[in-house]
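We'll walk through it a piece at a time.

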Amino acid sequence: MEQVLTIALAAVVNFLTRYLPFVLFTRRDNQRPAPFIVQLGKFLPPAIMTMLVVYCYRGIDLFQGNHGLPELIAGLITAGLHWWRQMVFSLLGGTLVYILLVNYVFN
């Protein structure tokens with residue numbers, strides 16, 4: 001029961017953190033988000049993705065071990081699948097390729 005409550009609470013908090021900014025920053029006259037929120041919606045996704053890419057590649061040592069090849073290969077496959085407009089496949093495919101490369105090819 002405790003696990004169900006924890007999952008439910010996490011779902012509610014996740015929903016509220018995504019819903020409340022639109023409620024708090026929506027203009028009352030035409031029910032559209034304020035221009036500031038619209039600009040954030042355009043700017044933040046690429047900025048967050050850039051931060052995630054830098055975070056993922058920051059620990060690679062090009063002069064030791066496998067020289068970052070699993071990360072590079074998985075990153076290229078992820079980018080290719082995403083370019084193909086298949087976000088779910090890019091997330092799952094890149095992760096699966098990286099896990100397979102690290103565990104079976106470059107171990």
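His67 counts as partly exposed, because its relative accessibility is 41%, and the cut-offs are under 20% for buried and over 50% for exposed. Keep in mind that you're looking at a predicted model. You'll find His67 in the loop between helix H2 (35-57) and H3. Its backbone is worth a look too: phi of His67 is near 60 degrees, a positive value in a residue other than glycine. Most residues other than glycine have a negative phi.

Now go on to helix H4, residues 87-105. With 19 residues at 1.5 Å each, H4 should span 27 Å, and its end C-alpha atoms sit 25 Å apart, so the two figures agree. Which residues of H4 are buried? They are Ser90, Gly93, Gly94 and Leu101. These four cover an arc of only 100 degrees around the axis, so they're on the same side of H4. The general rule behind such patterns is that an α-helix has 3.6 residues a turn, so residues three or four places apart point the same way. Part of what covers the buried residues of H4 is helix H3 (69-83).

Last stop: helix H1 (residues 2-24), where Val12 lies. Val12 has 45% relative accessibility, so it counts as partly exposed.

Conventions
Residues numbered from 1 in each chain as written. Predicted model: local features only at pLDDT ≥ 70, side-chain atom pairs only at ≥ 80, totals over all residues. Heavy atoms only, no water. Helix = DSSP H or I, 4+ residues; strand = E, 2+ residues; numbered from the N terminus. Expected span 1.5 Å × (residues − 1). Buried < 20%, exposed > 50% of the residue type's maximum accessible area, 1.4 Å probe, protein only. Arc of directions from axis to C-beta. Contact = heavy atoms within 4.5 Å.
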